[in-house]
Amino acid sequence: YRSPQSGGTAVGCFAVAAWSKETAIVTPLAISLWEVYLVARGRDPDRHDPERRGHFRAALLLLIPAASLLPWYAYFRHRTGYLFGNPEFVRYNAVSTLSPLRILLALAHRILQLTAHMNMFVPVLCMLGAMLLLPLTEADGTPRPRISPSNQAILYVVIAANLLFFSVLGGALLTRYLLPLYPLVLLLCVSTFYRRVPNWWGLAVLSAAAFVIGLFVNPPYKFAPEDNLNYADVIRLHQQGIRQIVSSFPGATVFTTLPATD
């Protein structure tokens, strides 16, 4: 996103993500703040420094996805009279959750979701174990490459920002809000496997097998059925309810929490 060639593509992808779900703006905004930090941290006060200008340009570009939502909110306000939707819904998802204890407990829950839930503990524990090993060397004697510290920093910023954001907001601590973070964690895991474990692909296969098992075997604690194929039971429950309504209450008016016509 820092280069002129790829910056527009990255910003466009972030904007589409925000149009799909508004809370996706937390990622480009977090990276934008990080770029501002890099500008402020620079020791060279020269405003014409190319690297400094690159960080500043990236920070501005990453504001576009959030700005692209403004017309939608204006239209929504015009049509409904509300800026963020039904007041009761906003109170449940934002206002009522602003308790320090609740935020701390939610943050702990989010960290567990990201590092242990649905067998995520397998690649994470393997990564921690691999970090105890020395880096492997290539044929020429140089250490195996790793994700550069600057790129790792961006990953950590995005992960931390999303964890904090979804610990403060959101009435239900649903795992799906963290879906964009799992590829980042797995990227760090596999990079560590590759750099420090000779047969690193074995740990990758083990992690994949753990995820397949997690699709069918429920964890020994309460979880949202949408997190694995247990959601099929929810679909069957809906189908049974529909059949009962069609057979016993034809033509009746049905109130539902989700928009539906079928």
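Helices are DSSP runs of at least four residues, numbered from the N terminus. The model described here is predicted. Its confidence, given as pLDDT, averages 90 over the protein. A score of at least 70 is reached by 96% of the residues. Among the elements, helix H8 (residues 121-130) has the highest mean pLDDT, at 98. Helix H6 (residues 87-95) has the lowest, at 78.

The secondary structure is helical. Twelve helices and zero strands were assigned. From the N terminus on, the order of elements is therefore α-α-α-α-α-α-α-α-α-α-α-α.

The overall dimensions were computed next. The C-alpha trace spans about 75 × 45 × 40 Å along its principal axes. The radius of gyration of the protein is 23 Å.

The accessible surface comes to about 17200 Å². Carbon and sulfur atoms account for 69% of that surface. Buried residues make up 30% of the 262 residues. The side chains include 21 positive and 13 negative ones. The centres of these two sets lie 4 Å apart.

Several loop positions illustrate the local structure. Asn199 is found in the loop between helix H10 (182-196) and helix H11 (200-216). Its relative accessible area is 53%. Exposed means over 50%, so Asn199 counts as exposed. Asp140 is 59 residues away from Asn199 in sequence. The C-alpha atoms of Asn199 and Asp140 are 19 Å apart in space.

Arg176 occupies the loop between helix H9 (149-168) and H10. Its relative accessibility is 40%. That value falls between the limits of 20% and 50%, so Arg176 counts as partly exposed. Along the chain, Arg176 and Val197 are 21 residues apart. Their C-alpha atoms are separated by 31 Å.

The loop between helix H7 (100-115) and H8 holds Met118. Asn119 lies in the loop between H7 and H8 as well. Backbone angles are of interest here. Most residues other than glycine have a negative phi. Met118 is not a glycine, yet its phi is positive, at about 50 degrees. Asn119 is not a glycine either, and its phi is positive, at about 65 degrees. Met118 has a relative accessible area of 15%. Buried means under 20%, so Met118 counts as buried.

Leaving aside neighbours within four places in sequence, Asn119 is in contact with Ala210, Phe211, Ile213 and Gly214. Pro225 is 106 residues from Asn119 in sequence. In space, the C-alpha atoms of Asn119 and Pro225 are 15 Å apart.

Ile245 is placed in helix H12 (residues 231-248). Its relative accessibility is 32%. This lies between 20% and 50%, so Ile245 counts as partly exposed. Ala66 is 179 residues from Ile245 along the chain. The C-alpha atoms of Ile245 and Ala66 are separated by 43 Å.

How values were computed:
Residues are numbered from 1 along each chain as its sequence is written. This is a predicted model: local features need pLDDT of at least 70, side-chain atom pairs count only at pLDDT 80 or more; totals for chains, interfaces and linings use all residues. Side-chain values use heavy atoms; hydrogens and water are left out. Helices (H or I, at least four residues) and strands (E, at least two) are DSSP runs, numbered from the N terminus. The radius of gyration is taken over C-alpha atoms; the globule rule is 2.2 Å times the number of residues to the power 0.38. Buried means under 20% relative accessible area, exposed over 50%, partly exposed in between (1.4 Å probe, protein chains only). Accessible areas come from the Shrake-Rupley method with a 1.4 Å probe; for residues, only the protein chains shown count as cover. Lys and Arg count as positive and Asp and Glu as negative; His and the chain ends are not counted. The place of a charge is taken as NZ of Lys, CZ of Arg, CG of Asp or CD of Glu. pLDDT is the predictor's confidence in each residue, from 0 to 100. Contact means heavy atoms within 4.5 Å.
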